[in-house]
Amino acid sequence: MKRRSWLAALMMTTAGAFAIPALAQDEAPDALVKRISSDVLAAVKADPAIQAGDVNRIIALVDSKIMPNVNFTRMTSSAVGRYWRQATPEQQKQLQDEFKTLLVRTYSGALGEVKDQTLSFRPMRARPEDTEVVVRSEVKGKGDPIQLDYRMEKTPTGWKIYDLNVLGVWLVETYRTQFAQEIGSKGIDGLIASLAQRNKSNTAKAS
């Protein structure tokens, strides 16, 4: 489970950090991911604070550099599934806030484990007019290569990530199953409360 966590962290990190908006609007999605992945891997490996597990430093990196490159509304609504339309605007906002905090905490805690891994990318099959694509890559280090895939969509401000795949498991689908169980037994407010409690516990462990 720890291995899966840091791989998901690496996937989110390589997908979003150090993006330059002016270039991101023109770059192909696979070219964008390739360029920024090398930048962020170098940054993580060169930062002693991240290597030492400085939680605040890592969270700041994830929050400021990664999340702006994710279509978080789509990611949250997809994870909540059919219940999203039943949620009030205030509940939707709370769900996004708590889900974002959960992901930032979950993945930032694993960045310090990035050591000697490298990334390779598979040829992308897409037509010029496509507005949704999958960028496929692998993490190479000790052991067998690990599959990392990115579902991306074209937006007016460039390509954005809306789902992530680690070892054949899509992030949104995993959370959709968990969230459906929570909502089924406790309702939407119950899911919000559960996420808030989990985030509170994660914060306490980090402090």
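A search of the whole structure, which is a predicted model, finds 10 salt bridges, a salt bridge being a side-chain nitrogen of Lys or Arg within 4 Å of a carboxyl oxygen of Asp or Glu. Local features need pLDDT of at least 70 and side-chain atom pairs count only at pLDDT 80 or more, while totals for chains, interfaces and linings use all residues. Residues are numbered from 1 along each chain as its sequence is written, and side-chain values use heavy atoms, with hydrogens and water left out.

One of these contacts brings together the side chains of Glu153 and Arg74, at 2.7 Å from N to O. Because Glu153 belongs to strand S3 and Arg74 to helix H6, the pair ties together parts that are 79 residues apart in sequence. Helices (H or I, at least four residues) and strands (E, at least two) are DSSP runs, numbered from the N terminus. Glu153 is buried, with a relative accessible area of 10%, whereas Arg74 is partly exposed at 24%; here buried means under 20% relative accessible area, exposed over 50%, and partly exposed in between (1.4 Å probe, protein chains only). Arg74 and Glu153 also take part in a salt-bridge network with Glu132.

A further salt bridge joins the side chains of Asp163 and Arg151 (3.2 Å, N to O). This pair links distant parts of the chain, with Asp163 in strand S4 (residues 158-166) and Arg151 in strand S3, 12 residues apart. Asp163 is buried, with a relative accessible area of 3%, and Arg151 counts as partly exposed at 23%. Asp130 and Arg127 form another such contact, at 3.1 Å from N to O; Asp130 is buried at 16%, but Arg127 counts as exposed at 54%.

Strands are taken to pair if DSSP finds at least two bridges between them. Strand S1 (residues 118-121) runs antiparallel to strand S2 (residues 132-140), and four bridges join them; Thr118 stands opposite Lys140 in S2. Eight bridges join S2 to strand S3 (residues 146-155), again in antiparallel fashion, with Ile146 in S3 as the bridge partner of Val139. S2 and S3 form a hairpin with five residues between them, and Gly143 in the turn has a positive phi of about 85°.

Back in helix H6 (residues 72-80), the buried residues are Phe72, Met75, Thr76, Ser77, Ala79 and Val80. Just after H6, Gly81 takes a positive phi of about 70°.
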